[in-house]
Amino acid sequence: MRAEDAPLIRLEDYRPSDWLIDTVDLDIVLDPTRTRVRSQLQLRPNPAGHAGAPLVLDGDELTPDSILLDDVPLDPSAYSLSAQGLTIHAPPARAFSLRIETTLDPGANTKLMGLYRSSGVYCTQCEADGFRRITYFLDRPDVMSVYTVRLEAEKTQAPVLLSNGNLVAAAELPGGERHFAVWHDPHPKPAYLFALVGGKLDHVRQDYMTADGRKVELAVYVEPGKAGRAGWALDSLVRCMRWDERVFGRNYDLDVFNVVAVSDFNMGAMENKGLNIFNDKYVLADPLTASDGDYASIEAIIAHEYFHNWTGNRITCRDWFQLCLKEGLTVFRDQEFSSDERSRPVKRIADVRTLRSTQFSEDAGPLAHPVRPRAYKEINNFYTPTVYEKGAEVIRMLKVLIGEDAFTRGMDLYFERCDGTAATIEEFLDCFVEASGQDLAHFARWYEQAGTPTVVASGKYDAQARSYKLQLAQSTPATPGQSHKQPVVIPVALGLVGKGGDLPLTSISPALKAGGVVVLDQPSLSLTFTDVPEAPTPSLLRGFSAPVRLELDLGDSDLLTLFTADSDSFNRWQALQTVAMRTLVRAGKGDMSTLDATASALGKALSGFLADPALDPAFAAQVLRLPAPADIAREIGIDVDPDVVHGAHRRLSAAIGGALAGQLADLRVSLTDRGPYSPAASPAGRRALRNEALGLIALGEPASGARLGLAQFAEADNLTDRLAALAAMTLIPGAEREDLIARFGELYAREPLVLDKWLMAQALIAEDGTLTRVKGLMNHPAFSLGNPNRVRGLIGGFAANLTQFNRADGEGYGFIADIVIALDRTNPQVASRLLGSFKSWRMLEAGRRAKAEAALRMVQTTPNLSRDVADIATRSLA
Ligand code: PHE
Ligand code: ZN
């Protein structure tokens, strides 16, 4: 079948499986090129399915060595094989067993789906549909089975043998060269949560006692010699387990919990039951090889995967359309955890930045889709910012709308009612309807309707009547397949800010709910606040209470008032961003007339802000960072010239950096920590501010920037400061920069995860020479197209370089398109993600748009594309 002809899978076509599999017994003999898999399945007809239906087992790149039904070899006429699997035409209409043997070549598996080897370690990845690459199966999440897994291997090759659940037996085999281990997972689970690991691994471990009294052995496994870098992950695990007990009342449910880090992994990490497998980038950390950002990501992703044990594993998804049921909810949970561990406002700002740069841009382009898609050709292309990040925003809004107590009761009900099942969004929402007594039918539209709503707000104060009238209107732009949009339920958390702080909120409008939340669920709404003693400045969408674009009728001076006086930290940050964004949008369209005035207004506001002795450095670091060029481009939205946008960003940054250079340099001195490195939030916040300041100085006063950058590199005792020095120097062309790049590369020649950042820093240089530089770096001994992290670092970095990916001559597009085509032959998932870099091509000016389109067409018309890449190419061009 050609990829373009892949069937469209539709939510409305869902039917329960005709067959169920109660138990799975796997006997796997690991071998680098000939791994033998014996599977025994206990099947029975599903009472909810069609009686007498054939048994259609999924299989991908498999051939059966033998098939036995109730221990009798199956006659070849009784079944047929296809590229999609194995069909037994007339299975007995009762429970029966099936034994199937397959042989795998894990060493040749470059797709990194199913069983593969990563630096000599056997490992698996089964979500979404990788289990069918191991053995024939009903590979769908609503078929849940109890697994027993026997693993056998040569002792020297794989001294560690792990699978899901608890270890029930392990021993040497006669002769002493081979050994085996048997793992049993008592919790029925879908096949996508199966995992095994075999290899030479070191580990760190710790005992843990759950709140409900279960003793659990926790362990983190890493490549030999790297156990010294596993401590932070283990520490994060313990903290998130306690947090889930305290905040969600969730205890762990097995005797062991293992985390394994591997160096070749398509995604971030995977929540396999009791055996999480991680991209090593999200496990390994020590001060000289991991940045503050890495420490924070490790903490968040360890938590994310652990939290899946309840939201994903105990309660899984009925089908892949419900992916946000586990992902959106689990992202929400990990964000809450990080907020509690660190600074809530700073975490919120960082998350909103990510949401806007990844999800808003997806929503604005040809790949836009609802949080719960209705149809897909390739499910791997739906692990998106929309499903994850917007999915989390929907949960956050739900909590704001029904209130904290009802939210907690709804979650408790969900855990109780849906435990052990494969559930749907409807079943999830029903729990909150019951817990809150509210009708959530309209709210549910957030799951169905794609696109980022815009809220337009305007207000008017009546001094005589002491009243303030606020008008809100919403609209959502058309997205592929959804030309006509309905209003959604938008919780707008707000305040009215006066000279001395927040003013009381009094209104008889039913739209105003407790806690200062106005619910905008109609196309427009007008409400009047009474007893308002002075002309207020409205602070809208506090804490970013809904994933929408907000257009305000406030002038810069009102926004600067909010920046200093708002009680909501998020909106303080947002106010300054808005001031900068307005000028940058204008300048990005070629009108520089307001740029210098804004630079001086921002400079003044920042100068006062930075002088405050009560300054929170982590928050201040966020404030200092202007909207990124890609965000400005997205706001412009049409006929974008990336060079003009980039130029505007540079000019504003340089003006601010120049005006504040002296103050920033002094501030940097006062922020310098003398003690040993700690990844904790507060020293990390000081480093963040210090390094944000360095970037501004580098643009405003390149000579002092270079001096400070080189000094920082020489003195740094941690990767964060070294990387910041490198990043600042990449802004300043010249021999010193090239020298620092070379020294950094040598220093970390044997640290691939650090080299990824080094590659990316170079790939992001906004200069014409970057494409040549990147092509040259593909020959670096550490680079390989076979390793997803290397590809994401160098090639992904280049594709994120606004001016160079979007070179006017189209060479950037051609380069990425060629790599997508080459990579598609070995790893379609990584190739299709890379192709997603074209998602904003329609907003470009005509010349670039034509060149981007030509590159996409070149990909689309390449013969034998994977379903993954064909799907993205086709949707991008539609
Ligand atoms: N389920 C994983 C997570 O979010 C992501 C993932 C998807 C990993 C598919 C691998 C493959 O937590
Ligand atoms: Zn997840």
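This tour visits a zinc site, a pair of strands and a pair of helices in a predicted model. Residues are numbered from 1 along each chain as its sequence is written, and chains are lettered from A and ligands numbered from 1 in the order written. Local features need pLDDT of at least 70, side-chain atom pairs count only at pLDDT 80 or more, totals for chains, interfaces and linings use all residues, and side-chain values use heavy atoms, with hydrogens and water left out.

**Zinc site.** Select ligand 2, the zinc ion, with H304, H308 and E327. NE2 of H304, NE2 of H308 and OE of E327 are its protein donors, 1.9 to 2.1 Å away. (Donors are N, O and S atoms within 2.8 Å of the metal, or 3.2 Å for Na, K and Ca; water is not among the atoms, so sites may look incomplete.) Along the chain the donors are spaced H-x3-H-x18-E. H304 and H308 are both buried, meaning under 20% relative accessible area with a 1.4 Å probe and protein chains only (exposed is over 50%, partly exposed in between).

**Strands.** Next, select β31, residues 524–529. A473 stands opposite S524.

**Helices.** Finally, select α19 (752–763) and α20 (770–777), whose axes, lines fitted to C-alpha atoms over the stretch in contact, are 9 Å apart. The packing angle is about 155°, on a scale from 0 to 180 degrees between N-to-C directions. The two helices are therefore roughly antiparallel (over 145 degrees; under 35 is roughly parallel, 65 to 115 roughly perpendicular, the rest oblique).

Notes:
Helix = DSSP H or I, 4+ residues; strand = E, 2+ residues; numbered from the N terminus. Pairing = 2+ DSSP bridges.
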